[in-house]
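Welcome, and take a moment to look over the sequence and the model before reading on. The paragraphs below will walk you through the structure one place at a time.

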Amino acid sequence: MAQASLAREIPEEATEVALQTRIKAGATLEDISEMTPRYREVLVATMSIAADLEIMTLPLDYDAIAFAPTINDRIAVASALQDEMGHAQVMFRMLEDFGFDSYHQVFERDPKNFKSFFLLEFGNLSPIDVGLGHLVGDQAGYITTRDLEENCSFGPYSRSLRKVNFEENFHVKRGEYMIRHYMQQGPEIRKRVQERMDFWFPLGAEWFGATDDVKSRPDQLHYKIRGSSNDQLRQIWLQRLVPFCEQVGLKVPAHFDSEKGIYVLDYQMPILLNLETMKWDFRTVTWPEKLAQWKKGGPLKLPGLSRMQTELWGQDLW
Ligand SMILES: [Fe+2]
Ligand SMILES: [Fe+2]
């Protein structure tokens, strides 16, 4: 979420001050008329990214239906996909109140203008990748939307996320169940899970955006659109994921630092994925280099969105 523009100064006009004071005191906004233009802009940007991420899961998960090894797996993937469609519908419906045309946003907008995240832009999901996608990716998404539900000062949006988060948590649990199961299937499968985790883990770590020393989002935090910074959300993700991995015997490049009392990565962000070998290079690069990789996107991004707009909706999805 930190890929957007650099944080700007919050205007100090009287209406702004009054609004910020109300929000600081714990008030929620129930109507658009209560917003200042700046608040509205920050809120809509946040909601738009969240909505686009839900859409991007459709082309991502769609391929996994074909790879599902059993009828139960197939039903479970299709069910998660239906959840994601519901999440997208809730979010785009809410954006209609801010003047957006849902149909145009989903089906007619140039795929280049969707705000997807790198983690969602690699397709052809094997059953192991489905499990890791839930464990790593839905976990990251859940932490982000849970923060919005708990903290967002726009009441209707916060409340609309209750069901979304209930379902996201279910996806995470399913990921844990699947990976625990695969890790008990002998050395060959364990090795395969480890190889795919090596790919997924850094994608999950960078889901939360640039580190706070480089870019914080004081506008989102001042307005209490969200409650935690990028690094704080990343820390929650590490707190949940790293102990689970240790428990099932998966190695990940992060550990608990007992001096600092927090989980830390064993490498310094940002790092780049080699898109030819699909392997991570753990040498630290600059943020502009990383931003360029995110901007270019993964192989599924544009073809996946174009396909979703032309083939995948409605009957053809199943
Ligand atoms: Fe979702
Ligand atoms: Fe999900």
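This is a predicted model: local features need pLDDT of at least 70, side-chain atom pairs count only at pLDDT 80 or more; totals for chains, interfaces and linings use all residues.

Let us begin with a term for metal sites: donors are N, O and S atoms within 2.8 Å of the metal (3.2 Å for Na, K and Ca), and since water is not among the atoms, sites may look incomplete. Residues are numbered from 1 along each chain as its sequence is written, chains are lettered from A and ligands numbered from 1 in the order in which they are written, and side-chain values use heavy atoms, with hydrogens and water left out.

Which residues hold the iron ion (ligand 1)? They are E54 (OE), E84 (OE), H87 (ND1) and E168 (OE), at 1.8 to 2.2 Å. To describe geometry, four donors count as tetrahedral if all angles lie between 85 and 135 degrees; four count as square planar and six as octahedral if opposite donors are over 155 degrees apart and all others between 65 and 115; anything else is irregular. Around the iron ion (ligand 1) the arrangement is irregular because its four donor atoms subtend angles of 87 to 155°. This site also links distant parts of the chain: E54 belongs to helix α2 (residues 37–67) and E168 to helix α6 (residues 155–182), 114 residues apart. Helices (H or I, at least four residues) and strands (E, at least two) are DSSP runs, numbered from the N terminus. Both E54 and E168 are buried; buried means under 20% relative accessible area, exposed over 50%, and partly exposed in between (1.4 Å probe, protein chains only).

The iron ion (ligand 2) is coordinated by E84 (OE), D138 (OD), E168 (OE) and H171 (ND1), at 1.9 to 2.3 Å. Its donors are spaced E-x53-D-x29-E-x2-H along the chain. The angles among these four donor atoms run from 89 to 139°, and the site of the iron ion (ligand 2) is irregular. What bridges the iron ion (ligand 2) and the iron ion (ligand 1)? E84 does, and the two ions lie 3.9 Å apart. Here, too, distant parts of the chain are linked, with E84 in helix α3 (residues 71–96) and D138 in helix α5 (residues 127–151), 54 residues apart. E84 counts as buried because its relative accessibility is 2%, and D138 counts as buried at 12%.

Our next stop is the loop between α5 and α6, where S153 is found. With a relative accessible area of 2%, S153 is buried. Its side chain makes a polar contact with the side chain of Y39, at 2.8 Å. A polar contact is a pair of N or O atoms within 3.5 Å; within protein, one must be able to donate a hydrogen and the other to accept it, and residues adjacent in sequence count only if both atoms are side-chain atoms. Leaving aside neighbours within four places in sequence, S153 is in contact (heavy atoms within 4.5 Å) with residues including I23, Y39, Y223 and I225.

Y39 leads us on to the rings. Rings of Phe, Tyr and Trp (its six-membered ring) pair if their centres lie within 6.5 Å; planes under 30 degrees apart count as stacked, over 60 as edge-to-face and the rest as tilted. The structure holds twelve aromatic pairs. One of them joins Y39 and Y223 edge-to-face, 5.2 Å centre to centre with 75° between the planes. Y39 lies in helix α2 and Y223 in the loop between α8 (218–222) and α9 (230–248), so this pair ties together parts that are 184 residues apart in sequence. Y39 is buried at a relative accessible area of 0%, and Y223 is buried at 0%. Elsewhere, ring pairs link F118, F122, F199 and W200 into a cluster.

Finally, visit G204 in helix α7 (residues 187–206). G204 counts as buried at 0% relative accessibility, and leaving aside its neighbours within four places in sequence, G204 is in contact with L119, V136 and W237.
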